[in-house]
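Colleague: Please put the model up, and then let us go through its packing by question and answer.

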Amino acid sequence: MIRRFKLVFGALAILLPVMAASPAFAVNPDEMLSNPVLEERAREISKELRCLVCQNQSIDDSDAELARDLRVLVRERLIAGDDNEEVIDYIVARYGDYVLLNPPLKPETYILWASPVVLVLLAMLAVFAFYRRKKRDGSTASASLSKDEQARLDELLGTSKDNGKSE
Amino acid sequence: MRFSIAVIPLVLFAALAGVFLLNIDKDASVVPSVLIDKPAPEFSLPPLPGRDHGLSRADLTKGNVSVLNVFASWCIPCRAEHPLIKRLSREASVPVYGLNYKEKDPQDGVKWLDELGDPYAAVGMDISGRTGIDFGVYGVPETFIIDGNGQIRYKHVGPVTVEVLEKVLMPKIEELKG
């Protein structure tokens with residue numbers, strides 16, 4: 001019991017600081033724009049852009065130096081009067097489509113976008129084929145138990161019932 | 001019918017194995033540059049402290065092939081590749097320019113070159129990192145090969161190794177020199 005308590009306590013001691021630290025923001029106060037509308041747009045755009053140093057974080061989440069530079073750049077473009085799309089195009093012109101966390105729909109990405117639909121269709125086709133075959137083959141398979149099997153089953157069920165009563 | 005279905009997993013496996021085989025040598029962390037075969041961006045960078053000449057796009061459009069190496073004193077792989085950049089500068093007979101990327105202190109780049117030797121025809125200091133962004137730099141060191149018209153023709157991400165130097169960069173430079 002004490003050992004279990006120790007284990008739980010140990011786990012908490014490790015997890016609590018981690019949990020407490022999780023809602024940290026990479027965006028520093030000094031980067032933020034005073035105009036709340038522009039800042040909101042900047043946050044929105046930053047969430048769409050991949051940090052190329054860490055690659056699976058958005059620049060909004062990342063503490064990398066380059067992510068910070070890009071966040072500042074996004075805000076500069078917004079102040080210069082770019083709309084959201086222009087800001088994103090500006091970054092894409094330098095880093096390519098890879099910088100977009102949401103890949104655009106274009107000939108190179110057709111396979112990427114189509115693959116989930118194709119897979120679901122294939123799976124449905126497979127299920128359909130499976131049941132059709134099962135239905136067709138079903139008549140030839142023996143559905144009922146043979147006499148011996150039935151006797152064995154009765155015996156087993158009978159025994160288990162007796163056990164149930166005696167307890 | 002039964003046979004063809006049994007073959008499907010085998011075919012799928014073979015296809016997957018093929019895809020993996022084709023990609024096994026690829027480094028997934030290397031992002032292909034969109035700037036290949038595009039003109040180098042407009043830029044004008046100040047010189048290192050105590051030097052006369054910085055670096056600008058005009059240096060890259062003089063009609064000869066050139067190399068632009070992005071480096072920083074805080075970048076450990078840059079230190080590792082530095083002897084090879086020196087060798088490139090010696091052997092390739094094209095100007096190798098340096099883009100000193102995001103030093104905390106402008107003196108750091110100078111000290112670094114004083115210590116390790118300076119292979120660069122000219123160095124521009126990119127304190128803000130903005131020129132780096134215009135070049136699509138995301139991890140120093142990076143090395144660009146630029147043709148006589150100022151078009152970016154090749155980019156290597158990460159430290160130059162002997163193999164990269166001999167098998168990729170030098171042949172590419174020779175090819176562009178024509």
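Colleague: At what angle do H3(A) and H4(A) pack?

Modeller: This is a predicted model, in which local features need pLDDT of at least 70 and side-chain atom pairs count only at pLDDT 80 or more, whereas totals for chains, interfaces and linings use all residues. Residues are numbered from 1 along each chain as its sequence is written, while chains are lettered from A and ligands numbered from 1 in the order in which they are written. Helices (H or I, at least four residues) and strands (E, at least two) are DSSP runs numbered from the N terminus, and axes are lines fitted to C-alpha atoms, for helices over the stretch in contact, with angles running from 0 to 180 degrees between N-to-C directions. The axes of H3(A) and H4(A) are 9 Å apart, and the angle is about 135°.

Colleague: Which orientation class do H3(A) and H4(A) have to each other?

Modeller: Angles under 35 degrees count as roughly parallel, over 145 as roughly antiparallel, 65 to 115 as roughly perpendicular and the rest as oblique. With an angle of about 135°, H3(A) and H4(A) are therefore oblique.

Colleague: Which residues of H4(A) make the contact with H3(A)?

Modeller: Residues are in contact here if their C-beta atoms, placed from the backbone, lie within 7 Å. H3(A) brings Leu70(A), Val74(A), Arg77(A) and Leu78(A), and these meet, in H4(A), Val87(A), Tyr90(A) and Ile91(A).

Colleague: Which element gives the most to the side of chain A that touches chain B?

Modeller: The contact between the chains involves ten residues of chain A and ten of chain B. On the side of chain A that touches chain B, two or more residues come from each of helix H3 (65-79) and helix H4 (84-95) of chain A. With three residues, the element that gives the most is H3(A).

Colleague: In what order do the strands of the open sheet in chain B stand?

Modeller: Two strands pair if DSSP finds at least two bridges between them. Six strands of chain B form the open sheet with mixed pairing, in the order E1-E8-E7-E4-E5-E6. Strand E1 (38-39) and strand E6 (122-126) of chain B each have a single partner strand, so one side of each is left without a neighbour in the sheet, and the edges are therefore E1 and E6.

Colleague: Over how many bridges do E4(B) and E7(B) pair?

Modeller: Ser66(B) has Ile146(B) of E7(B) as its bridge partner, and Val70(B) stands opposite Glu142(B) in E7(B). E4(B) and strand E7 (residues 142-146) of chain B pair in the antiparallel sense, and the number of bridges is five.

Colleague: Is E4(B) covered or open on its faces, and how many of its residues are buried?

Modeller: A residue is buried if 20 or more other C-beta atoms lie within 10 Å of its own, exposed if 12 or fewer, and partly exposed in between, with C-beta atoms placed from the backbone. In strand E4 (residues 66-71) of chain B, the buried residues number six of six.

Colleague: What is the hand of the crossover from E4(B) to E5(B)?

Modeller: E4(B) and strand E5 (residues 96-101) of chain B run parallel and are joined by five bridges, with Leu68(B) opposite Tyr97(B). The chain crosses between them through helix H3 (residues 76-91) of chain B. A crossover is right-handed if, with the strands pointing away from the viewer, the path from the first strand over the helix to the second runs clockwise, and this β-α-β crossover is right-handed.

Colleague: At roughly what angle do the axes of H3(B) and H6(B) cross?

Modeller: Leu84(B), Arg87(B) and Leu88(B) in H3(B) meet Val162(B), Leu165(B) and Leu169(B) in H6(B). The axes of H3(B) and helix H6 (residues 162-177) of chain B come within 10 Å and cross at roughly 30°. That makes H3(B) roughly parallel to H6(B), at an angle of roughly 30°.

Colleague: What is omega at the cis peptide bond between Val140(B) and Pro141(B)?

Modeller: Pro141(B) is in the loop between helix H5 (130-134) and E7 of chain B. The bond joining Val140(B) to Pro141(B) is cis, with omega of about -5°.

Conventions: Two residues are in contact if their C-beta atoms, placed from the backbone, lie within 7 Å.
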